[in-house]
Amino acid sequence: IPAIRERPPMPPTLILPRPDDFHVHLRNGMVRFLATPFTAEHFGYALVMPNTRPCPILTAEDAMNYRRDLMQYFPENKDFHPLMSIQITDKTTPDMITGTKAIVTAGKLYPEGVTTNSDNGVRDFKRLYPVFEAMQKEGLVLCLHGESPDHNISGLNREAAFLPQLREIAIKFPGLQIVLEHITTHDAIREVESLPNNVAATITAHHLWITIDDIIGYSQRSQGKLRPHNFCKPIAKHEFDRQALCHAATSGNPKFFFGSDSAPHPVDDKECSRVCAGCFTSPVALSILAEVFERMNALHLLEDFLSVHGKNFYGLPPRMNAKKITLIKESWVVNGSTSADWPNADYRRPILIIPFLAGETLTWRVT
Ligand code: DOR
Ligand code: ZN
């Protein structure tokens, strides 16, 4: 008689419709080769940010060319659907908005100098009201980097200082869909909740995971060391804010949905004396979210946060035939880096990008 062996129990498994990422930096040049596959492999819709360098994406034509460029590496991947944004600057005119809806999904507005590649950002929002009017008519979403550019305001208070501006725009343009991007504070959550339904917010995985002390070396897990790969803008705030974000993300409120703000930089720009803001989170974001939602007893709401609320706000159809993703409860160690050689003499060394949480152990793994 053959021995009856008991099968080992299956680890808990989550099968989800393909998630969407409503805020991601795929870059250009070498970095796009390294960064884009992580998004293309796991996400359906991905709203691609326009702050590329040396040439930002400023017009519908730029957006069309950028999309074509990104897609040529994924001709077989029918599940990945990049949505394009253009950057709204002082030079944007209403004419540049009209008739673009077939190509452009959103206009991204950075206040001047608040973060990486925002030197061409805006100081006087009122001058752009005719552009917002055109966006409202055209049905483009306005994505706001919600931090005041005022150097007299401390970095930790810049998001709160921006909120009156958000309110003014939201009330003046009730038909304009507005997303306050990568919110980091309790104050921003309350403001978004209290504004009409034309206002929503994205929440990143890293802001659900770390606080400012994990960046500047005051938390236990930072072991007293400054952590450049945790540094982004808006900078992560206090534990009170992180908890408020966890509650907002797991509340089921359709105003909150996922935007990774995954923002890769070559290692030389992260481990140096002038560290660029941006965390490369796309390799770990889904694992982080599963862990956070599990801790909050809200795994049943993860699907809404990842693939329902965002589509609804953007007015996008579900993509029924897209491949699902599976997460299993199994520990894994985040890769130390991702790298590639560039077959071009301009780059003398291989480019290396260090993912967020490199070397750390996470408990949910995407299969
Ligand atoms: O930390 C950030 N990095 N925040 C942003 O808003 C932009 C991003 C980037 O492009 O690197
Ligand atoms: Zn961003």
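Here are some exercises, each with a worked solution, on a predicted model of a protein with a ligand.

**Exercise 1. Meet the neighbours of ligand 1**

Find how many residues surround ligand 1, which of them are closest, and how they divide by class.

*Solution.* 
- Step 1: Begin with the count, taking a residue as a neighbour if one of its heavy atoms lies within 4 Å of the ligand. The shell around ligand 1 holds 14 residues.
- Step 2: Now look for the closest ones. These are Arg 27, Asn 51, Lys 233, His 265 and Ala 277.
- Step 3: Sort the shell by class.

**Exercise 2. Polar contacts and cover**

Which distances separate oxygen atoms of ligand 1 from polar side-chain atoms of Asn 51, His 145 and His 265, and what share of the ligand's accessible area does the protein cover?

*Solution.* 
- Step 1: Recall the cut-off, since a polar contact is a pair of N or O atoms within 3.5 Å.
- Step 2: Take His 145, where an N or O atom of the side chain is 3.2 Å from a ligand oxygen.
- Step 3: Go on to Asn 51, which has a polar side-chain atom 2.9 Å from an oxygen of ligand 1.
- Step 4: Finish with His 265; here the distance from a polar side-chain atom to a ligand oxygen is 2.9 Å.
- Step 5: Turn to the cover. On its own, ligand 1 has 290 Å² of accessible area, and the protein covers 100% of that.

**Exercise 3. Explore the cavities**

Search the whole structure for cavities of 30 Å³ or more, then describe what you find.

*Solution.* 
- Step 1: Count them. The search gives two cavities.
- Step 2: Describe the largest cavity, which contains about 120 Å³ of space. It is lined by 19 residues, and those closest to its centre are His 25, Thr 115, Lys 233, Asp 261 and Ala 263. By class, its lining has five nonpolar, 10 polar and four charged residues.
- Step 3: Move to the second largest cavity, with a volume of about 50 Å³. Its lining includes His 229, Pro 264, Lys 270, Phe 280 and Ile 353. That lining divides into six nonpolar, three polar and one charged.

**Exercise 4. Look at the backbone**

Where do Pro 54, Pro 234 and Gln 223 lie, and what are the backbone angles there?

*Solution.* 
- Step 1: Locate Pro 54 in the loop between β3 (45-48) and α2 (60-71).
- Step 2: Find Pro 234 in the loop between α7 (213-216) and α8 (239-249). Lys 233 and Pro 234 are joined by a cis peptide bond, with omega about 0°.
- Step 3: Look for Gln 223, in the loop between α7 and α8. Gln 223 is not a glycine, yet its phi is positive, near 50°.

Note on methods: Residues numbered from 1 in each chain as written. Chains lettered and ligands numbered in written order. Predicted model: local features only at pLDDT ≥ 70, side-chain atom pairs only at ≥ 80, totals over all residues. Heavy atoms only, no water. Polar contact = N/O pair within 3.5 Å; in protein donor to acceptor, adjacent residues only side chain to side chain. Areas by Shrake-Rupley, 256 points an atom, 1.4 Å probe, with all protein chains shown as cover. Nonpolar A, V, L, I, M, F, W, Y, C, P; charged D, E, K, R; others polar. 1 Å grid on protein atoms, 1.4 Å probe; cavity = no way out; pocket = protein on both sides within 12 Å on 5 of 7 lines; lining within 4 Å. Points joined across faces, edges and corners; volume = space filled by probe spheres on them. Helix = DSSP H or I, 4+ residues; strand = E, 2+ residues; numbered from the N terminus.
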